[in-house]
Amino acid sequence: MRTNALEYLEEAAERYADKVAFADDTDSCTFAGLLDRARRIGTALSAWFPVRKPVPVFMDKSVDTIGVFMGALYAGAFYVLVDTKHPAARVHQILEVLDTDIIVTSSKYLKDLEKVGFEGRVLLAEELANVETDGTLLDGIRAQAVDMDPLYGMFTSGSTGVPKCVVVGHRSLLDFIECFTEIFNITEQDVIGNQAPWDFDVSVKDIYSGLKTGATVQIIPKRYFSFPTTLLDFLEERQVTTLIWAVSALCIISTLNGFDYLVPHKIKKVLFSGEAMPVKHLNIWRHYLPDTMFVNVYGPTEITCNCTWYIVDREYEPGDVLPMGKAFPNEKVFLLDEEDHLIPSSSAGVSGEICVSGTALALGYYRNPAGTARAFVQNPLNDCYLEKIYRTGDLAYYNEEGNLCFSSRKDFQIKHMGHRIELGEIDSAMEKVPEIKRSCCIYDMASKKQCAFMKEKSNGVPLPGHSADCCLLSWFRTYSGV
């Protein structure tokens, strides 16, 4: 049984030594090359970071960055990506939470680091990679490791204004990826097109699915998502077969009629998450890629990527609710009502809060015991032994087939003129209007009005050189008092 995520890399390097593991727009590395680089960096980082402590990585996603991630693991530590475009205040908050004055970066980001006013010690990835590997040292570090050691940290926004670092352990990741790659038949023959930033947990599925199976991960530059024609060219040229993307990224292509320009026919799997997938956009993708498997996956960062999945196996109409499906193996997903009573799957249509238990749960929030205690609590249905659950704050219900269906956030449920209103229901109703392509409803507390944002249908795709962001901005209108 595997106990450390590095075993994925080591096994892949043995089986697929000369195969491309990761590639970006300018560079690539083989599995064997990545292993060698990671062990060198791990040897160097061990002199600066104690085991089970965070390694802040101030870099954009790239081939170089994955080497630093794996190097942090060889040092017995865990990695935390710090976005190079974060405001200075945010970077300082993150480093304060991590309680460190050491940061790893590359020479290309030194000016960005200077702008945020970092005054601690800077370790350059290029120099770390030139250190000679100390196999005895690395073996000693691995001998101390256990499967519950931290693997990575990801920051989410804190309700107090202080960011929270969700820490996920090796065991949680291993259990999830084993099921994930098997259920969706991800193999060494796949090419994964990485969309998500590496401080967003959707990217975890790209990185570790590739390492586990020997699939190649093509790292798509962020800027390509502002130019759909360039993005589609990249998918076609790199022969991408698998997309594990946020809903908003998929909708960029369908909103701007990208398939009128090019249909990348190699794509055979499309998995989406992050928000409810508008059926109009799902139907566009399914129309142009009729032989592709489409999967709705759900889950917050605190439960290691996803806890439910649903393969789209029939046609849906605009306004229909796309199921979240059922729990992944070895994860318990259930609904609690406002009085913490269990809502059985036979109670179709009754809404409750989504709660999750099992090894998928994160280790908690780094250096934040109070926040951890609030979010990871004892299962109120179990007074016999310790059973931690994560209360997601998301509301869902069971449909007639027993599948979970997302309703809304608990904090998106409002009281207006004495009525309890789900803002998600307004989104669903707006989607049924043929002239509306995308919509979102919020509640303006100051004016006591519901505000709906919508994007009308438009013809054509942006011309090459025209930003999708600009086009989208010009198409949005706002309506108050809906």
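The legends below describe close-up views of a predicted model, in which local features need pLDDT of at least 70, side-chain atom pairs count only at pLDDT 80 or more, and totals for chains, interfaces and linings use all residues. Residues are numbered from 1 along each chain as its sequence is written, and side-chain values use heavy atoms, with hydrogens and water left out.

**View 1. The second largest pocket and its lining.** About 890 Å³ of space lies in this pocket, where a pocket is an open set of points on a 1 Å grid over the protein atoms alone, at which a 1.4 Å probe fits, with protein on both sides within 12 Å along at least five of seven lines. The lining comprises 33 residues, among which Asp-60, Lys-61, Pro-221, Lys-222 and Arg-223 lie nearest the centre of the pocket; a lining residue has an atom within 4 Å of a point. Helices α3 (63-74) and α11 (247-255) each supply at least two residues of this lining, and α11 gives the most, with three; helices are DSSP runs of H or I with at least four residues, and strands are runs of E with at least two.

**View 2. The tilted ring pair of Tyr-16 and Phe-31.** The whole structure holds 19 aromatic pairs, counted where ring centres of Phe, Tyr or Trp (its six-membered ring) lie within 6.5 Å, with planes under 30 degrees apart called stacked, over 60 edge-to-face and the rest tilted. Because Tyr-16 lies in the loop between α1 (6-15) and β1 (20-23) and Phe-31 lies in helix α2 (residues 31-45), the pair ties together parts that are 15 residues apart in sequence. Both Tyr-16 and Phe-31 are buried, that is, under 20% relative accessible area with a 1.4 Å probe and protein chains only.

**View 3. The stacked ring pair of Phe-69 and Tyr-79.** The ring centres of Phe-69 and Tyr-79 are 3.9 Å apart and their planes meet at 10 degrees, so the pair is stacked. Phe-69 belongs to helix α3 and Tyr-79 to strand β4 (residues 78-81), so the contact ties together parts ten residues apart in sequence. Phe-69 is buried, with a relative accessible area of 0%, and Tyr-79 is buried as well, at 4%. Ring pairs link Phe-69 and Tyr-79 with Phe-22, Tyr-152 and Trp-198 into a cluster.

Notes: Grid points are joined across faces, edges and corners, and a volume is the space filled by probe spheres set on the points. Buried means under 20% relative accessible area, exposed over 50%, partly exposed in between (1.4 Å probe, protein chains only).
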